[in-house]
Amino acid sequence: MTKMDTPEDIRGPEVKEGVDQETVDAVRNVSTYKYGWDTEIEMDYAPMGLNEDIVRLISAKNEEPEWMTDWRLQAYRRWLEKEEPSWAMVDYPEIDFQKQYYYARPKSMEVKPKSLDEVDPKLLETYQKLGIPLKEQMILAGVEAPEAPEGEEEAPRRVAVDAVFDSVSVGTTFQKELKEAGVIFCSISEAIREHPELVKKYLGSVVPVSDNFYATLNSAVFSDGSFVYVPPGVRCPMELSTYFRINAENTGQFERTLIIADKGSYVSYLEGCTAPQRDTAQLHAAVVEIIIEEDAEVKYSTVQNWFPGDENGKGGIYNFVTKRADCRGDRAKVMWTQVETGSAVTWKYPSCILRGDDAQGEFYSIAIANNFQQADTGTKMIHLGKNTKSRIVSKGISAGRAQNTYRGLVSVHPKAKNARNYTQCDSLLIGDKCGAHTVPYIEVKNNSSRVEHEATTSKVDDDQLFYCRSRGMDEEEAVALVVNGFCKDVLQALPMEFAMEAQQLVAISLEGSVG
Amino acid sequence: MTALTNAQRARQRLAEQKAQVSEARIAALAPAPQAGWSAEARADALSRLRAEGLPHPRDEYWKYTRPESLTQAEAPAAAIFTTDEKGIFDAIDRVNVVFVDGVFSEELSSDLALEGVSIERLAETTSDIHWASGLYGKLEKAGQDPVARPLAALNTYAATDGLLIRVTAKATKPVALQYVHNSETSDAMLHHVVKLEEGADLTLLENGPAAARFNKVMEVDVADGASFHHIRAQGRDHERRAVTHIFARLGTESTFKSFTMTVNGVLTRNEVVVEFTGNDAVAHVAGAAVGDGDFHHDDTVFITHDAVNCESRQVFKKVLKNGARGVFQGKILVKPDAQKTDGYQISQSLLLDDDSQFLAKPELEIYADDVACSHGSTSGAIDDDAMFYLRSRGVPEHEAQDLLVIAFLASAMEEIEDETLRDIMLGRITEWLERRRG
């Protein structure tokens, strides 16, 4: 799998040509947000607003044991004492947390389906529209690797998917095969019921209940999400994927993901998100916790394409996400890759705690903000162990009237001897009404470590544009091509099928930003 | 809900604490001179200070530097550092103005007459009308947004003296300000205003530890086509504390260059706030700091581009040893119409041992698209290969280390345009390194 990520494989001649065509097609696409439809499904809502009863109700709907209900209530009480953070460079109208639905589930899910066949076909249709291979038989072209590179096994690549619709996980594929490998991949509500000892041990151990305002809110009201446990020495036989979709109006989605990679294991996890087009802003506050034991490795890739609001800045998702990976054991390794193209407001800092000696953290990010989007995103690399290494590559693109901020921390503790960090953040501005900002914090507390930080801000190079134009491309195509080149370092870090999707997204997100 | 949340209570407590510290500090101030023309600006500064409160460790821009010793009512005592060294600028033909513990010394100062330059003292100009009233506290006030600098407001309110320098032509020699530290408990507050008229040119030199605690503000207005060069040496006095602010406003095609060399001092915070208001101007701000032991040095620089085709450059280097701490907070803000901006910023530190720390926050905030802005920040130890090379050529370890330190500082020192001054500064730093080696 790792071999597939190398540049040659992704950008081989055949693939490249195809991708370019797709990018071009995407640019021609009339609709700006092609996931903007909604599905008419009867929903079962909890009453609007938030109080202890709602928290209890969510817990009861998920058939949770008492310890979990208490855990949530404790979080809720802590949340009441907290204030929304205001330090990020994002500006949005005050959110009325009492005007949200904290729980919505498709009516047909009231009686839990025994298998995927019993799931409301409308739901499956939704995912089909999204291009998610929910049913095991439906391995769509974009998901299956076209051809394994030479020297690799010939087996087609498969992806196990957990799909979350509004608040509820609607189905997880490839259950049997994963079970054989010993991998647990299920919804978090199922994990709370079936594997309480694992959940009790790890939930809240990386992102504590009262970590920050949004994480605390999530701890109180999360309704579903994914749970992954990879036992010692197991290499997860396929990529795991979760697809999140917000469908109902005025609902907040609060999913919780918990990934545990036990000693010497490996897992690659993909996350994708979309939401229908709505006039009113919708709230999304997720928490992702990853625990990585000795010699284990986790790759976490996200393509975030929540509805960004229309070209006048109306509607869109407010995306407040806390993601953190804890490299507990020696030589543990984590790699975050994110493509952030959606959301009206993004507030997201996937972080790495490099606790074990020789642990490694990597963060690759593309953040695109167009129209009135605002993104404040980055990472934290906390070096605690000896010889820990981290690498940050962040590419921010602003267009229209958008504001895009990289905010990051590299902290090297006195005991983290021989730590190494390299950070590169580049910003690209398209148009003179947008903004690009860089706010890095660098704290080095010993001298055997080397920390390097570089940042640049520039506009799309006129010479490059001219070159493309002189080859017959129109301006939008040319910009899309230049931007894709600008993002190359990060796109290459994505698993193959995500890289393809991301390239298209880059082009779509920038539509209407030139000319 | 009427009950306050924990967060609200914490904020209220913080505001109360800040008010308490501010009032105690205000009450302990030395009486300001008879105000006259500066009265209005001083009253305005006091109300701003009261509204904001003095810095607190919880403030974003005081994360890395503890402000307590700068904000407490009484200055912490500082032993006087005696040295046989000659004044760093003694060899330069200059107008020398001496302040001993913040008090002007007529005896030690030279004649203030200089062609094309008028030099007056803040404490002596108490009439109701003065040219400096258009600048005093004005540039400082403009520099409080978006980040508050309450210690500068405190200075505007309470400064006891300072120079009002008006330059109308190219000055024939530099003006040097020499600050002598002579009392273990002195708490000096000086406020200078420098106005460079169109096409004027002045080099301003500053050196000396000044006082046990020193709060200095300098407001510089550089008119169209004028140039201002500023070279500062903050000496080897170990126990002194200093907070300095420079607020500069640059007109069309003007030049502003400021370089600071700092060696030791338990606490130094140098803030430089530059605003480009005219097109095609240039601002360079640079610093070299060498700290050994109980040393905390903080460079906080804010450059605001609000004009077209301006160039700003920040180069800061720090060499840290024996638990010394270096802080760099720099920002380039490019406003929406400041096209063709060229902004550059580099902050680097060389950590000579494991106890030293480097804390940096290099920021870019950019609202215009046709710009080229970059910043870099690095931290690390002496390169083993370079050291090995020198040792293999027979250079003793200490000497090799000094050579590499000088090489590391070189690109900051090169920001000093005047060769004579550059050589003086370089000579002094080499000498200091040698002395330390003993």
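Predicted model: local features only at pLDDT ≥ 70, side-chain atom pairs only at ≥ 80, totals over all residues.
Two strands are taken to pair if DSSP finds at least two bridges between them. Strand 17 and strand 20 (residues 403-412) of chain A are joined in the parallel sense by four bridges. Strand 17 of chain A also pairs with strand 14 (residues 345-348) of chain A, again through four bridges and in a parallel arrangement; here Val345(A) has Gln374(A) as its bridge partner. Strand 17 itself spans residues 374-377 of chain A and is covered on both faces. Gln374(A) and Asp376(A) are buried on one side, and Ala375(A) and Thr377(A) are buried on the other.

The largest nonpolar core holds 251 residues, and the members touching the most others are Val228(A), Ile290(A), Ile292(A) and Val298(A). This core lies between domain 1 (1-27 + 460-515) and domain 2 (31-115 + 159-348) of chain A, because both domains give residues to it. Leaving aside residues up to four places away in sequence, Val298(A) touches Ile259(A), Ala261(A), Val267(A), Tyr269(A), Ile290(A), Ile292(A), Ala325(A) and Val334(A). More generally, nonpolar side chains tend to be buried together in soluble globular proteins.

The two chains also meet each other, in a contact that takes 32 residues from chain A and 34 residues from chain B. On the chain B side, helix 1 (6-27), strand 18 (357-366) and strand 19 (372-380) are the elements giving two or more residues. Strand 18 of chain B gives the most, with ten residues. Sorted by class, the chain B side comprises 16 nonpolar, eleven polar and seven charged residues. Strand pairing spans the two chains as well: strand 19 of chain B runs antiparallel to strand 23 (residues 450-459) of chain A, and seven bridges join them. Within strand 19 of chain B, Thr378(B) stands opposite Glu452(A).

Two annotated spans complete the picture. In chain B, an unreviewed UniProt entry lists residues 182-408 as "domain: SUF system FeS cluster assembly SufBD core". That stretch of chain B is 59% strand and 9% helix, with its end C-alpha atoms 34 Å apart. In chain A, UniProt places "domain: SUF system FeS cluster assembly SufBD N-terminal" (unreviewed entry) at residues 176-235. Residues 176-235 of chain A are 48% helix and 15% strand, and their end C-alpha atoms lie 16 Å apart.

Definitions and conventions:
Residues numbered from 1 in each chain as written. Chains lettered and ligands numbered in written order. UniProt positions renumbered as here; feature names shortened; annotations may be inferred. Contact = placed C-beta atoms within 7 Å. Nonpolar A, V, L, I, M, F, W, Y, C, P; charged D, E, K, R; others polar. Buried ≥ 20, exposed ≤ 12 C-beta atoms within 10 Å, placed from the backbone. Core = buried A, V, L, I, M, F, W, Y, C linked by C-beta atoms within 7 Å. Domains from an automatic or database assignment.
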